[in-house]
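Student: I have a structure open and would like to go through it. Can we start with the strands?

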Amino acid sequence: MALRMVCSKTFSLNRIISLHSINHHLPKPVQNVTAASVRWSSFRSSEPVGDLAQYPEVEVVRNPPEWKYVERLLAPRTVPKPTAKDAYPSGWKPANPQPGLKYVVQRTKNHMLPVYLRRSFRGQRRITAVRHVEGDIWLLEAELRYHIERQLNRPIITRVNEMSGQIELKGDHVAFVEKFLLEKGM
């Protein structure tokens, strides 16, 4: 039997050695390994259940009167529609698109704006993504690019995917895009 060991100090990289030769390098509880396919855990090694009389009785009830208290704590199966208010304490605003717009950004199933920040290369690359765009996606991209370039005083790189209805903007512009969309009533 052989075991492939990878270790920086004791063994060289990818050196194949027998199990009997590594017993003196292992800590005391792990020594006396005799086979490479030792099962460390199994249901067979568990304690047997024993006498069922020692466990408490369980009564299965289909519709107890206390169930209403449990249902309160469970998450709803669907996201409920938000109640109409003048102002929300969190700052959230419901969708109310301005008439005459040629594009619409649909909300997510949780009634939130689909604007996301993606990070890659250990946080060095930041890309702002706007999803669920319907209608004239090129007009929305042009307006976003114009306003962001005017704010930054430099050009930015954008990418439009018409098939999936997504716009990607290079950089972290999530707050600006969300503010822009909320002003448009999205």
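Student: In what order do the four strands of the open sheet come?
Tutor: This is a predicted model. In it, the order is β4-β5-β8-β7, and the pairing is antiparallel.

Student: Which strands are at the edges?
Tutor: β4, residues 115-120, and β7, residues 158-161. Each of these pairs on one side only.

Student: And how much are neighbouring strands turned against each other?
Tutor: By 20° on average, ignoring direction.

Student: What packs on the sheet?
Tutor: Helix α4, residues 174-183, which touches β4, β5 and β8. The direction of α4 makes about 165° with that of β4.

Student: Back to β7. How many bridges does it form with β8?
Tutor: Four, in the antiparallel sense. As one example, R159 has E168 in β8 as its bridge partner.

Student: New topic. What is the average pLDDT of the chain?
Tutor: The average is 82, and 78% of the residues score at least 70.

Student: Last one, aromatics. How many pairs are there?
Tutor: One aromatic pair is counted. It joins Y88 and W92, with ring centres 5.0 Å apart.

Student: Why is that pair edge-to-face?
Tutor: Because the ring planes of Y88 and W92 are at 80°, and over 60 degrees counts as edge-to-face.

Student: Is Y88 buried or exposed?
Tutor: Y88 is buried, because its relative accessible area is 16% and the cut-off is under 20%.

Methods:
Residues are numbered from 1 along each chain as its sequence is written. This is a predicted model: local features need pLDDT of at least 70, side-chain atom pairs count only at pLDDT 80 or more; totals for chains, interfaces and linings use all residues. Side-chain values use heavy atoms; hydrogens and water are left out. Two strands pair if DSSP finds at least two bridges between them. Helices (H or I, at least four residues) and strands (E, at least two) are DSSP runs, numbered from the N terminus. Axes are lines fitted to C-alpha atoms, for helices over the stretch in contact, and angles run from 0 to 180 degrees between N-to-C directions. Contact means heavy atoms within 4.5 Å. pLDDT is the predictor's confidence in each residue, from 0 to 100. Rings of Phe, Tyr and Trp (its six-membered ring) pair if their centres lie within 6.5 Å; planes under 30 degrees apart count as stacked, over 60 as edge-to-face and the rest as tilted. Buried means under 20% relative accessible area, exposed over 50%, partly exposed in between (1.4 Å probe, protein chains only).
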